[in-house]
Amino acid sequence: MAGFVSTDRIRSLFTEAMSRMYRAEVPQYGTLLELVADVNAEVLARDTALRERLTRAGELERIDVERHGAIRLGTPEELFTIRRLFAVMGMQSVGYYDLSVAGVPVHSTCFRPVDQAALSVNPFRVFTSLLRLELIEDEALRAEAADILAKRRIYTARAIQLIERHEEAGGLTEAEAQEFVAEALETFRWHGEATVTAETYKRLHDAHRLIADVVSFKGPHINHLTPRTLDIDAVQARMPERGITPKAVIEGPPRRDCDILLRQTSFKALEEVIAFAGETSAAKGTHTARFGEIEQRGVALTARGRALYDRLLASVRGEVQVGAGGAKAGDYDSELAERFRELPDSWAALRAEQLAFFHYSATPKGVAAAVDGALPDDAEALIEMGYLTFDPIVYEDFLPVSAAGIFQSNLGTDQQQNYATRSNRSAFEEALGATVTDELDLYAERQARSLEAAIDLLGLSGL
Ligand code: OOG
Ligand code: NI
């Protein structure tokens, strides 16, 4: 379409604007970004192989760009519209996460780019949760919360117009994109003035701190942003040097030679001054919601690899419970490393045992050999002969147990509640107005397509 900018461009503009806003709102996040940049530079200086690999993949210049953020919505209508808003930026709903099993009354999805080209231009994604009001036991409080939420409008009128314009015309011009980014940003902005009285806030807070966070404000403030680090253990260890208090343990798998899935850690949410509705400026309260996080990503696991990961993680968590103050964090880390020895730590074994997804390509040697004569019609033989090679496909999604850990550490680990409930993906999809894409399908497709293309290049077909 002539005159329209790409959704990748709009996402990049938005990411930049959001990062600028968040650094201004949460100065400690800026300090975290500096630490991450320092550690990344040190890693790149000593690990030339990694540096070359990232350069080849075109990732070096984007290394310090944020990878994700998170918001928590209050109503089905808010979720419906956020899907349309993210679509303007080329992001769609991937993965369903039920966090009620971990005592957090929300279910969630990730809005992200799905094709490889878009992910490499700008991989920014947003972990988006929807409050499950039906999990509030107190009926009167549930009705009151629903009432408060029904009254708010989290999108500006102009943002809605531009979303409609994008849907109808099929895109936005540069000027419209700039305006859209500024308008969309309003939804993610922090508001220090609660829309409820101190008394209502307290009742919501007593039901669950997360409920107070979602219901008491004008909008779903972005609650963290997350840059990528090349050495998460180093950043975690050095946060205190810069006056940042990290959560007790790194979520996800242990440190390994071959990184798998996603490792994450965050700094504790800040206590921020807020003003309640209907009160003089003297009567202020505080609210903790906003924090900073870092992530390190590894290879995407197949359903089989993921089942093994889930089993190993559950066995560690069953054995060692880390206290709110970090008691037993050391035991947890060593137990994690110990038990995960069962999961092979070489790319060759992860592939051979079909535990992880890989991108296949024909090597120059393979292409040359194909010109000379027919090659064996067998992928394993081609790999052995050096005609076909494979690289790990990066995991682009989230992990429910880790996400619950991030939620918990910022809500206070003491508040563990268990909801006797089942996940409700169909209600989520109904609110969303779309189906959620299964993340495993995306990785399987990418792997299959890469193998097909490589085989084709080698003059073979249908292995
Ligand atoms: C989202 C927590 C989950 C992650 O990286 O797993 C998350 C939230 O606290 O709203 O962002
Ligand atoms: Ni996060």
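**View 1. Strands β1 and β5 side by side in a predicted model.** Strand β1 (residues 66-73) pairs with β5 in the antiparallel sense, over four bridges. Pairing here calls for at least two DSSP bridges between the strands, and strands themselves are DSSP runs of E with at least two residues, numbered from the N terminus. Look for glycine 69: its bridge partner in β5 is leucine 225. The model is a predicted one, so to speak of local features takes a pLDDT of at least 70 and side-chain atom pairs count only at pLDDT 80 or more, while totals for chains, interfaces and linings use all residues. Residues are numbered from 1 along each chain as its sequence is written, and chains are lettered from A and ligands numbered from 1 in the order in which they are written.

**View 2. The whole five-stranded sheet.** This one is an open sheet with mixed pairing, and its strand order reads β2-β3-β4-β1-β5. β2 (92-98) and β5 (224-227) sit at the edges with a single partner strand each, so one side of each has no neighbour in the sheet. From one strand to the next, the twist averages 20 degrees.

**View 3. Strand β4 and its two partners.** On one flank, β1 and β4 run parallel and are joined by six bridges; leucine 73 has leucine 130 of β4 as its bridge partner.

**View 4. The shell around ligand 1.** Among the residues surrounding ligand 1 are Ala70, Arg72, Asn223, Gln264, Glu293 and Phe398; a residue gets in if its C-beta atom, placed from the backbone, lies within 6 Å. β1, β4 (125-131) and α17 (400-411) each supply at least two residues, and α17 gives the most, with four.

**View 5. Helices α4 and α7 crossing.** Helix α4 (residues 76-88) packs against helix α7 (residues 157-169) at an angle of about 65 degrees, with the axes 10 Å apart. Helices are DSSP runs of H or I with at least four residues; axes are lines fitted to C-alpha atoms over the stretch in contact, and angles run from 0 to 180 degrees between N-to-C directions.
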